[in-house]
Amino acid sequence: MSNAAGQSSSLFPTYARYPISLVKGKGSWLWDDQGNQYLDFMSGIAVTNLGHAPEKVTAKVKAQLDELWHVSNLFQIPNQEKAAMLLTANSGADAVFFCNSGAEANEAAIKLARRYHQKIKGSGRFEIITFVQSFHGRTLATLTATGQDKVKEGFLPLPAGFKSVPLHDLDALKAAITDKTAAIMLELVLAEGGVLPVEADFVHAVKALCEQHGLLLIIDEVQTGMGRTGKLFAHEHYGIQPDIFTLAKGIASGFPTGAMLGKAFLRDAFSAGSHGSTFGGTPIATAAIIATIETMLEDQLPQRAADMGAYLKEQLTEKLSGNPHVKAIRGLGLLIGIECAEPVNELILEAQKRGLLFISAGPNVIRLLPNLYVTKEEIDQAVSIIAAVIHDYTAVKKD
Ligand SMILES: *Cc1c(COP(=O)(O)O)cnc(C)c1O
């Protein structure tokens, strides 16, 4: 393993890194250390939803850096109260716990669900049902919750209390529910799993099953939240209220932060000392959250994501329909997948050479995640590069 300078790297080889060192970003654009410019259609994997270096967030974080960085959650943190108020005022949730990542937000959700059943209901229920192809994080509990075997290899033994059933298989889900089941945990678009939007009928059936059996519904909005899908939170598309939902990626424009949100009836399942995080909700992290949400609401970015997402899908359909390599174009808002007949890794590398960055979701799916300010001109540019690399690839294959 060598780094960009050709020296052997001192990092654990946990990532297959592209040979590009990005040094500057503004809006939809990134620059590398060779002066090459890239149109960014991945947003740090759904993180920089406001684009790179968004002015209002940058200003607010800079001002906070001059005032106070960290005090500990043993004190009142006004920014944390305000960030929580903004999140609850704009969702059906009533209480927030701040942490530092998506995995930790899901870990908090799992702990809250267990603790609610064990301390409040006295039922001893602990099991969480998740779905095949889901992704919930890399801690031991969240990788066990994740419905993909590749993240579990070599990490045995896994914690007890998790089951995955196939998505859209209501009979399998019903059969999995026992008197040990505490919660069902679900992404509304399985993002890492291939950009698979969950059917509305299935979501409503899951919600009904939760009500019928006294289970908590946990929605993992780590990737779908914060305007990405054309609503502030993806569950708004389905007209359902989760008992718990989790956020991270887009919540603070790139400052590492996560949040677990719950209904009022869950509040007392946690008490002082039952859960915590040294860095959760620091004055700086919560300044970044406040500025991100305020900007998102002021500029009506969820609606913009819906409009631009529709335009992107329409352009992709127009330019790619009939291509034998393209099997499906799907997604919600600005979380779009192009399912191809073959692995897409070469397409990613070829697009990088032509100045466009995107990622995959599983081996055969191109995943597009532009920032929510993306313009029609930028979409046109990206679509023409995507169409060109797919056409060239298909042409090579035929030869
Ligand atoms: C990225 C992601 C996570 C994990 O978030 P980290 O911040 O990497 O821990 C969990 N769930 C979903 C749906 C994600 O997309």
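A charge sits over a ring if NZ of Lys or CZ of Arg is within 6 Å of the ring centre and within 35 degrees of the ring normal. In this predicted model, the charged end of Lys-376 sits over the ring of Tyr-311, at 4.9 Å from the ring centre.

**Aromatic pairs**

- The structure contains 3 aromatic pairs.
- In the pair of Phe-131 and Phe-202, the ring centres are 5.7 Å apart and the planes stand at 80 degrees, so the arrangement is edge-to-face; planes over 60 degrees apart fall in that class.
- Phe-131 belongs to strand S5 (residues 127-131) and Phe-202 to helix H7 (residues 200-213), so the contact ties together parts that are 71 residues apart in sequence.
- Phe-131 counts as buried because its relative accessibility is 1%, and the cut-off for buried is under 20%.
- Phe-202 also counts as buried, with a relative accessibility of 5%.

**Open sheet of 4 strands**

- The strand order in this open sheet is S1-S2-S3-S15, and the pairing is mixed.
- Strands S1 (22-26) and S15 (356-357) stand at the edges; each has a single partner strand, so one side of each is left without a neighbour in the sheet.
- S1 pairs with strand S2 (residues 29-32) over 4 bridges, in the antiparallel sense.
- Lys-24 has Trp-31 in S2 as its bridge partner.

- Strand S13 (residues 326-332) and strand S14 (residues 335-340) run antiparallel and are joined by 6 bridges.
- Ala-328 has Glu-339 in S14 as its bridge partner.
- The two strands, S13 and S14, form a hairpin with 2 residues between them.
- Gly-333, in the turn, has a positive phi of about 60 degrees.

**Second largest pocket**

- The second largest pocket holds about 810 Å³ of space.
- It is lined by 28 residues, of which Gln-80, Val-96, Phe-97, Phe-98 and Phe-270 are the closest to the pocket centre.
- Helix H3 (78-89), strand S4 (95-99) and strand S12 (258-262) are the elements that give two or more residues to this lining.
- S4 supplies the largest share of the lining, with 4 residues.
- By class, the lining of the second largest pocket divides into 14 nonpolar, 11 polar and 3 charged residues.

**Cavity**

- The count of cavities of 30 Å³ or more is 1.
- The largest cavity contains about 40 Å³ of space.
- Residues lining the largest cavity include Gly-92, Ala-93 and His-235, and also the run Gln-241, Pro-242, Asp-243, Ile-244 and Phe-245.
- Leu-261 and Lys-263 are also among the residues that line the largest cavity.
- The lining of the largest cavity has 5 nonpolar, 3 polar and 2 charged residues.

**Asn-345**

- Asn-345 lies in helix H10, which covers residues 345-353.
- With 46% relative accessibility, Asn-345 counts as partly exposed, since that class lies between the cut-offs of 20% and 50%.
- The C-alpha atom of Asn-345 is separated by 36 Å from that of Leu-261, a residue 84 positions away along the chain.

Key:
Residues are numbered from 1 along each chain as its sequence is written. This is a predicted model: local features need pLDDT of at least 70, side-chain atom pairs count only at pLDDT 80 or more; totals for chains, interfaces and linings use all residues. Side-chain values use heavy atoms; hydrogens and water are left out. Buried means under 20% relative accessible area, exposed over 50%, partly exposed in between (1.4 Å probe, protein chains only). On a 1 Å grid over the protein atoms alone, a cavity is a set of points where a 1.4 Å probe fits but cannot get out, and a pocket is an open set with protein on both sides within 12 Å along at least five of seven lines; lining residues have an atom within 4 Å of a point. Grid points are joined across faces, edges and corners, and a volume is the space filled by probe spheres set on the points. Ala, Val, Leu, Ile, Met, Phe, Trp, Tyr, Cys and Pro count as nonpolar, Asp, Glu, Lys and Arg as charged, and the others, Gly among them, as polar. Two strands pair if DSSP finds at least two bridges between them. Rings of Phe, Tyr and Trp (its six-membered ring) pair if their centres lie within 6.5 Å; planes under 30 degrees apart count as stacked, over 60 as edge-to-face and the rest as tilted.
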